[in-house]
Amino acid sequence: MTTPVPIPHPPGVPILGNVFDMDRVTPLNTFERFAQQYGEIFVLNFLGKEIVVVSSNALAQEVLDERRFFKGARRNALEQIRVLTGDALFTAYHGEENWGIAHRVLVPAFGPASILGMFDDMYDILSQLVLKWERFGPKHAIDPADDFTRLAFDTIAYCAMSYRLNSFYTEGTPPFVEAMGSFLRESGARMTRPSIVQRMMGQTNAKYEQDQRQMMDLAKEIVEDRKQNPNDRKDLLNAMLKGRDPQSGKGLSDVSIMQQMITFLIAGHETTSGFLSFVMYFVIAHPEVYAKLRAEVDSVLGQERMRPEHLGRLPYMVAVMREAMRLKSTIPGYGVEPFQDEIIGGKYLIKKDTNVFVLAINVNRDPKVYGEDANEFKPERMLDGKFEALPPKAWIPFGNGARACIGRGFAWQESQMALATLFQKFDFRFADADYKLQINQTLTIKPKDLRIYAIPRTDTTFSLGLAPTPTPSIIKTAAATTSVNGTAAANLKQMYVLYGSNTGSCEMFAQRIANSSPAHGFKATIGTLDSVTSKIPTDGPVIIITASFEGEPPDNAGHFVKYIESTPADNAPFADVRYAVFGCGNHDWVHTYQRIPKLVDATLADKGAQRLLDRGEADAGGEGFFESFDEWETKLWPVLIETFGAVASDDPNAGLNVDISAPTQRASTLRQQDAQLGTLLVNKLLTKPGANDKRHLEFMLPEGMTYRAGDYLAILPVNPPASVKRVLIRFKLIPEQEISISSNSPTTLPVGRPINVSDLFSGYVELAQPATRKNIEALLHYAPSSGPTRTALEKLLADYVPAVLEKRTSVLSILSNYADIDLPLSVFISMLPAMRVRQYSISSSPLWDPTRVTLTIGVIRDEALDDSHELFQGVASTYLANLTKGDRVQMAVRPSTTAFHLPADPTTPIVMFASGSGIAPMRGFIQERAAQKAAGRQVGKALLFYGCRSPEKDFLYIDAELQDWIAQDVVDVRPAFSRDTEKSEGCKYVQDRVLHDRKDVIAAFDQGAKFYTCGSTRVAAGVKAACINIVEERIKARSAEQEPGSAAPTPDEVWAKIVNERYAADVFG
């Protein structure tokens, strides 16, 4: 075994180590100086914390091996940043669940098709930069870092969140950017500052917290605006608000969404702005590069505005960008940690839990890779296959492996568009001809004090041309599934289209083939590769479309790849399979490009399958991503037709009929395509007078609709008649009147046909939503220029949260109170968000009756909190409460998270916590266990902790089936009566009863029980606190029995493990 040698290290001082060695302004200077002095590896000590720094390609290949090392976010600047961004993508600890959820939810939104779809929005923001530079004129010294910051900041906000920050129209540094810079600098400084010193820095600490609030306030504002004004844009914010993790079924909390947004706003603009600034410096400083770049731009773009197809036709620009990023990676390095003790370089010991800092900016300039001129700017080293021939980990500006930058494609397209358009429009030169590159560092680096002149070119007639670019047909996909009718169906040949896709591009291509199949004489079955893991179909061609992700299969293709690899090659196991493969990838990942498509293609052929067509490939980082698929598909169909004797049609739509289920016109207009009509069978009041109304509703499900205990029923309601009447009175309308609406953009309003005003305001718009700030600003426009109404509106704006949000003050309420606001009806309608569905936990089990479903709801009727004096009524609960037997209701079953279902093994014990109508899913669980027991199956113990006011007034279902289930020993109910505590063992709330009966909870846990909570956030928090209390008691008891010195887990760690493995919650309100 090799004897480790000491890692070189600069001398330090006792306790503080190398704190005083660090350049306080630009720490990167210190790292580069030590790398030059000590070589490819050295160790620094900060207040007793050691950091090993590696700066060569050879060592980087080892420490960036994800089998041996993982991204480190502890004991470094990232851990400081976590106080703001928590477990968001950039700062999550290794293995944190939320990282996986967010990554899987967001990857499709960063796919090639999605990013290409952002082209016009990116160009919109870019045009503001061009116009600014044009207006300032050729003698104005531009700070490119500042303006590129505005460009990148506004672009990420608009493209990812559909939110205009308009920083080009404000003076000074945008507040978020200023707060961010201050926050990042302080986060870095805290790494080398003793905690006792930190605590004494009151003013600095106050500023640190203020910066965090500044950034979080913007994130809250954006989320609040989207919730008040929902839309159907396929942006990142909608992906986070609506998306569910395909593996766990979980979504992101509002807090997590805001943390992710701040991460995007920081990482998405800070790095891009620095990168563009460095590119400008290097190009202007090298006239020969400048001339070649401008010539390429002129040749490709000419006098046209940039279009998506230009992106792949600028190879020299790409080389310039890669070379600039190599020399000045805006993220100069990142941390990793070993899973266990490791020897690297054959002689250096890296112990487990050691922070290793990969000095990427030096790795990218390793002379052993790039030669003695590694520090020189030479784009040619990235051309003619040289980039692809680089060794692994020689160009790592975007991070590494699974934790590499998720927004790489976004930033690359944004930067390409900016550089091409700017060099098409302007000539550039330094404001100071003697400028020497200096560095300004926060978490990232940028050129310091760089100023340039942008001189409008006189040899071009180029105009920005802000009209939308034509949308390539290649990125349009059919939304409907096609079916074939009549005798044509009998003549179609079977084919199979299988895809592996994380970002959605491969799935889109697969859907295109399936949609085209009938016109070419085939009937397609489409599915993921993982849907075929035991036998590949042999009764028709198998078309495989898949991608690679860091050389690994997509999430829905891993099992298929293992299957074909592990199948023995003896006797040609796939001899009857006939197939073709198309691969998607990005050649920037040189060493893993097209790995999985190549592997699948070669493995199938090697084991006997017949290849129908040479493998095709599309390069998301090159020219013609979509065109490549078009060309391959054009070759595919003739081969399939000839091989399988299919008969193609001259009519591309021959034999096809779009078969769409028939929801009502309202549901379709509101884009609730899965809503169907169910029928109310029972509506009864469960509570007694003096208690808030709780009702039990039973529906006959639409034909073919199924559910599981624990799922949701989505209801599309209508507004209360009283609210609709207030609108008609305010705008002097009568119920019989009809109006016609037209719109130049997609809308959820009924357009192109007359509609009754009562129907419009009843079913298509929300009337009770609190007014947004924008709504109030619009009302001010139509209010008198002075007087009490204007004063009142201005006060609502000034005190927005308490006066509007907390009091639920709607636009309708404001209009009802102030008759002199002369608001046009069209403006009022445009202010109102679309009517949305409401989801209720199902309170039944399909084992009771698979054709019926029940709800248990609380009816919301409160006194008005605003000045309207009108009763506040919950839209959906009021609608449901007023239904009578036979009424038809638009509904859809929506699955709950994977965890919020009963265990597959009915003998597994369950413990349930609920209050009020939160008993709904628990009733379904108990009903299912009762049906299983009645069928002779053994069922585990079920323990229900339930909170309400009193046993006589609102103990739901106790007088009916709940009492029967108790008698049948299906469930043990432990109530907590907040108004009659003497009847519930002195326990007032659910958490009190949990603590009172802790022995039974512990016994259930020891027997492997699964735990469920349904109720308000207050109930969930109370239950959590009680459980952690029990866990803490148990840890203390066990600690007394353990060997001295052994480390016991903390209560929070134990609770986190329980939540991850055996606890599910459905929290509302």
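These legends walk through close-up views of a predicted model. Local features need pLDDT of at least 70 and side-chain atom pairs count only at pLDDT 80 or more, while totals for chains, interfaces and linings use all residues. Residues are numbered from 1 along each chain as its sequence is written, and side-chain values use heavy atoms, with hydrogens and water left out.

View 1. The chain divides into domain 1 (82-456), domain 2 (493-644), domain 3 (667-712 + 841-866 + 876-896), domain 4 (718-836) and domain 5 (899-1067). These bounds come from an automatic or database domain assignment. Taken over C-alpha atoms, the centres of domain 2 and domain 3 are 44 Å apart.

**View 2. An open parallel sheet.** Here 5 strands line up in the order β14-β13-β15-β16-β17, with parallel pairing. Strands β14 (522-528) and β17 (610-619) stand at the edges with a single partner strand each, so one side of each has no neighbour in the sheet. From one strand to the next, the twist averages 15°. Strands (E, at least two residues) and helices (H or I, at least four) are DSSP runs, numbered from the N terminus, and two strands pair if DSSP finds at least two bridges between them. Look between β15 (residues 542-547) and β16 (residues 578-585) and you will find 6 bridges; Ala547 has Cys584 in β16 as its bridge partner.

**View 3. Helices across the sheet.** Helix α19 (residues 505-516) lies across β13 (493-500), β14, β15 and β16, at about 170° to β13. Helix α22 (residues 625-644) lies across β13, β14, β15, β16 and β17, and runs at about 170° to β17. Axes are lines fitted to C-alpha atoms, for helices over the stretch in contact (heavy atoms within 4.5 Å), and angles run from 0 to 180 degrees between N-to-C directions.

**View 4. The largest nonpolar core.** This core has 161 residues, and Trp133, Phe428 and Ile513 have the most contacts inside it. Helix α12 (residues 254-285) gives the largest share, 16 residues. Domain 1 (82-456) and domain 2 (493-644) both contribute residues, so the core lies between them. Beyond its neighbours within four places in sequence, Trp133 is in contact with residues including Ile142, Phe148, Leu422 and Phe428. A second, separate core of 44 residues includes Leu670, Phe761, Leu796 and Val804. A nonpolar core is a set of buried Ala, Val, Leu, Ile, Met, Phe, Trp, Tyr and Cys residues joined through side-chain atoms within 4.5 Å; buried means under 20% relative accessible area, exposed over 50% and partly exposed in between (1.4 Å probe, protein chains only).

**View 5. Salt bridges.** The structure holds 50 salt bridges, each a side-chain nitrogen of Lys or Arg within 4 Å of a carboxyl oxygen of Asp or Glu. Arg852 and Glu698 meet at 2.7 Å, N to O. This pair links distant parts of the chain, with Arg852 in strand β25 (residues 852-858) and Glu698 in strand β20 (residues 694-700), 154 residues apart. Arg852 is partly exposed at 28% relative accessibility, whereas Glu698 is buried at 9%.

**View 6. A salt-bridge network.** Glu323, Arg326, Asp373, Glu376, Lys378 and Arg381 are linked in a network of salt bridges. Within this group, the closest N and O atoms of Glu376 and Lys378 are 3.7 Å apart. Glu376 is partly exposed, with a relative accessible area of 41%, and Lys378 is partly exposed at 33%.
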